[in-house]
Amino acid sequence: MLFASGEEAYIAHAVRHTSEVPDGADPAWADAVVAELEPGERALCALSFAAGAPGLAHFVTGAEHALQRPEADTTVERTYQVTEFPTPDEYAAMVAAALEKIANGDLHKVVLGRCLDVVSTPPLVPAEIIDRLLTTRPGRYVFSVPLDSSTDGEGPILVGASPELLVRREGAVISCTPLAGSVPRSSDAEEDLRRAAGLQESAKDLAEHAFVVEAIVHALKDVCVEIEYPATPELLSTDTVWHLATPIHARLADPVDGPSALRLAQLLHPTPAVGGVPTAAANAVIADLEGDLRDWFAGCVGWVDRYGDGEFAVTIRAAVMDGPRLRLFAGAGIVAGSDPASEVRETGAKLATMARVTGLP
Ligand SMILES: C=C(O[C@H]1C=CC=C(C(=O)O)[C@@H]1O)C(=O)O
């Protein structure tokens, strides 16, 4: 069980117990988790996408380790049976349906996702996937969190390499780096830079991004002062996509009794990077068009300590491993001007991050 940020990985050595709740958005639960933490412990947490869906916290002790690059890849030969759902055509039709609702004025933005279900022979080995995640680090925030109290590797495990910081609290200092607006990368260096430059000038992507920054700044205003962020987004790249990113910094108005990192994650999540605008209308469209495929995807994952410090990433570029089965998820923001075929390509590029880590051809 681990959460890595940048060059350091916090690896849990022992689990005291696991708190599972039906509603991960419950503020009383977040406060109880922090109050229950003992000296030297952290709670490694995962929250689902929406209010009213589960959350869990593992009370662990562990240590920071420097990440290492592998000498050689010891990948086992496997065969994979892959099912796409919805299919790319069905996903394009979902995007078209969302665009119609946007044109009708029902909402401004909605993020829609699709999945790959993979059955591997021989079965995937969690330790192997986690090793590869740590050594290749396709995203800044690498995580492996069991999704129930069976911490022996037998139950489902949420793994991933998210590029998106939902929130970090270090004392009174708060940081968020929302991402939204993306384009697949190219293996041709010149074309890759052209795509990045095009993204920075794309009115559609800048609008898609602005919704997320606005929502986060609005939510931070309730608990923070000195909120600072650049007027235009920066570029951030992963192994497969370029993103627009806005680093936001703020100070807690009340550093003594202010919200913990877990409580801040609840306050901010789900942002329009995974939900939409307005929130309720977008959630209804997601439920209608996606059904229940999100589960723990598009949630948030991270840690909090007994002082309230901690760090949460958005659960994207992620997979759920369960024995021989693996489910990968990727979503894309839909706004006026989005093109269904481009959104299929974008989600395909996002799925490729975890597909590569798991050894899929
Ligand atoms: C929902 C995902 O990405 C979000 C984060 C960054 C960029 C996004 C976009 O451009 O659509 C999404 O809002 C995902 O990777 O599954």
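Student: Is S162 buried or exposed?
Tutor: Keep in mind that this is a predicted model. S162 sits in strand β8, which spans residues 157-162. Its relative accessibility comes out at 0%, and the cut-off for burial is under 20%. So S162 counts as buried.

Student: Which backbone nitrogen lies 3.0 Å from a polar atom of the side chain of S162?
Tutor: Setting aside neighbours within four places in sequence, S162 is in contact with G139, R140, Y141, F143, A313, V314 and I316. The polar atom you're asking about belongs to the side chain of S162, and the nitrogen 3.0 Å from it is that of E164.

Student: Are C176 and C300 buried or exposed?
Tutor: C176 has 1% relative accessibility, so it counts as buried. For C300 the figure is 0%, so C300 also counts as buried.

Student: What about the largest pocket: how many charged residues are in its lining?
Tutor: The pocket holds about 280 Å³ of space, and 23 residues line it, with Q266, L268, H269, P270 and T279 nearest its centre. α5 (203-220), α6 (261-268), β16 (276-277) and α7 (279-290) each supply at least two lining residues. By type, the lining has 15 nonpolar and 8 polar residues, and the charged ones number none.

Note on methods:
Residues are numbered from 1 along each chain as its sequence is written. This is a predicted model: local features need pLDDT of at least 70, side-chain atom pairs count only at pLDDT 80 or more; totals for chains, interfaces and linings use all residues. Side-chain values use heavy atoms; hydrogens and water are left out. Helices (H or I, at least four residues) and strands (E, at least two) are DSSP runs, numbered from the N terminus. Buried means under 20% relative accessible area, exposed over 50%, partly exposed in between (1.4 Å probe, protein chains only). A polar contact is a pair of N or O atoms within 3.5 Å; within protein, one must be able to donate a hydrogen and the other to accept it, and residues adjacent in sequence count only if both atoms are side-chain atoms. Contact means heavy atoms within 4.5 Å. On a 1 Å grid over the protein atoms alone, a cavity is a set of points where a 1.4 Å probe fits but cannot get out, and a pocket is an open set with protein on both sides within 12 Å along at least five of seven lines; lining residues have an atom within 4 Å of a point. Grid points are joined across faces, edges and corners, and a volume is the space filled by probe spheres set on the points. Ala, Val, Leu, Ile, Met, Phe, Trp, Tyr, Cys and Pro count as nonpolar, Asp, Glu, Lys and Arg as charged, and the others, Gly among them, as polar.
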